[in-house]
Amino acid sequence: MQQRIVCVSVCIRPNLAALFERVKNRSAALSVPNQSPMGRFLKRHLSVTQLCEQSWCEIKMAYGFIKPKVRMLEMQNTEVTTGASIYLARELEVKPNVVTVAAVTREDREALKLINMLQMVPALEAGQLVREFPVFGVLEGMFFMGVVDELYRSDSGELVLSELKTRSHNSLPRPAQTKGHALQVCMYKLLFDSMVKGSVKRDHLLHNLQLDPNRVLGSDLQTHTQSLGLQAVTFRELLDHLLVVLTCSNLHAIDKLRLENSHQSSGKLIGTREVAFEEAQLRTNIRGYLAYWRGERVPQGVEVEEAWKCRMCRYEETCNWRRDRSQRLMMVNKSQFGVS
């Protein structure tokens with residue numbers, strides 16, 4: 001039976017007041033000369049979902065860092081919180097036994113994820129369905145992290161990666177929305193495949209997350225790892241064990257990618273579709289998105305034909321991109337009709 005290991009005590013917590021003050025003192029400009037967004041937003045790695053947000057609107061994503069209070073309000077809306085509750089309930093369906101473990105350090109927090117993975121690998125090998133499987137690795141020179149919603153073997157033995165998307169509307173998402181969803185599952189496949197092929201190295205995780213490999217795990221964690229038959233005292237030992245387990249398992253590359261849309265209120269399935277995986281085009285797209293993060297270009301807003309996205313955006317009234325685009329359109333219209 002799979003267990004879900006959760007953290008009940010973390011001593012190192014972000015000081016949100018200090019963070020807001022630091023961000024408030026930044027320039028509200030969408031880009032800063034001679035400074036990449038990675039440096040400006042103090043990032044050493046990216047999440048897969050950040051690139052998915054980028055595929056929707058880079059300006060909206062950038063404003064999420066520049067104006068974190070607005071971003072926090074957005075994450076507290078009913079649709080987001082309801083979706084999170086549904087995801088947790090689904091995870092508990094396959095991990096009914098919740099074990100709470102105190103975490104004292106950042107290494108302890110990451111160790112919790114590794115322990116959960118160590119329990120899911122044999123379950124997946126045995127043909128069981130697993131949910132909330134962490135993935136990480138380097139893509140196009142950038143370290144990424146993500147969490148796969150669901151992995152399972154089909155009746156024909158294919159390894160399927162499925163991502164649930166809950167919707168407040170009982171209808172399929174627009175193509176512009178499925179673009180980001182497809183990007184997400186394709187990136188998850190790249191990361192998962194690299195993990196089981198042995199391409200992910202210890203230093204990738206240690207360097208990009210700034211973790212101390214020699215950090216001794218907390219007493220609660222050591223007790224729990226021993227109960228699972230693991231002899232790991234330091235974070236390095238636990239990480240090395242996971243990497244060996246992944247590469248020596250009988251798991252192989254993902255065979256199929258699937259998107260599942262479900263109605264939040266009724267819980268009924270709206271529709272399911274498979275996503276085509278084209279690695280060459282995918283890597284080209286990733287490099288294009290990373291060009292922004294590396295400071296090689298300014299962020300881009302939505303095109304005119306997708307201006308409908310602005311109507312549902314919390315940054316609509318203060319968006320410089322939208323204001324500048326409107327001014328350009330007015331000038332074009334004036335010139336066309338001879339208005340001075």
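Asn34 counts as exposed, at 86% relative accessibility; here buried means under 20% relative accessible area, exposed over 50%, and partly exposed in between, with a 1.4 Å probe and protein chains only. The residue lies in the loop between α1 (16–24) and α2 (37–40). Helices (H or I, at least four residues) and strands (E, at least two) are DSSP runs, numbered from the N terminus. The phi of Asn34 is near 60 degrees, a positive value in a residue other than glycine.

Leu42 sits in the loop between α2 and β2 (46–47), and it is exposed, with a relative accessible area of 56%. For background, most residues other than glycine have a negative phi.

## About the model

This is a predicted model, in which local features need pLDDT of at least 70 and side-chain atom pairs count only at pLDDT 80 or more, while totals for chains, interfaces and linings use all residues. Residues are numbered from 1 along each chain as its sequence is written, and side-chain values use heavy atoms, with hydrogens and water left out.

## The protein as a whole

The secondary structure comes to 13 helices and eight strands. Of the 340 residues in the protein, 45% are buried. Contact means heavy atoms within 4.5 Å, and among contacts with a separation of 6 or more, 72% are between residues 24 or more positions apart.

Thr100 and His224 give a pair to inspect: they are 124 residues apart in sequence and 9.8 Å apart in space, C-alpha to C-alpha. Thr100 is in strand β3 (residues 97–101) and counts as partly exposed, at 49% relative accessibility.

## The largest nonpolar core

A nonpolar core is a set of buried Ala, Val, Leu, Ile, Met, Phe, Trp, Tyr and Cys residues joined through side-chain atoms within 4.5 Å. The largest one has 84 residues, and Phe133 and Phe192 touch the most other members. Helix α8 (residues 175–196) gives the most to this core, with 12 residues. Domain 1 (3–27 + 36–300) and domain 2 (302–340) both give residues to the core, so it lies between them; the domain bounds come from an automatic or database domain assignment.

Leaving aside neighbours within four places in sequence, the contacts of Phe133 include Met117, Met120, Val121, Phe192, Met195 and Leu246. Gly146, Val147, Val148 and Leu151 are also in contact with Phe133.

## Helices α3 and α4

The axes of α3 (residues 48–56) and α4 (residues 58–66) come within 5 Å and cross at roughly 130 degrees. That makes α3 oblique to α4. Axes are lines fitted to C-alpha atoms, for helices over the stretch in contact, and angles run from 0 to 180 degrees between N-to-C directions. Angles under 35 degrees count as roughly parallel, over 145 as roughly antiparallel, 65 to 115 as roughly perpendicular and the rest as oblique.

From α3, Gln50, Glu53, Gln54 and Trp56 meet Glu58, Lys60, Met61 and Phe65 of α4. Gln50 is buried, with a relative accessible area of 12%, and it touches Lys43, Met61 and Phe65, not counting residues up to four places away in sequence. Helix α4 is mostly covered, with eight of its nine residues buried; among them are Glu58, Lys60 and Met61.
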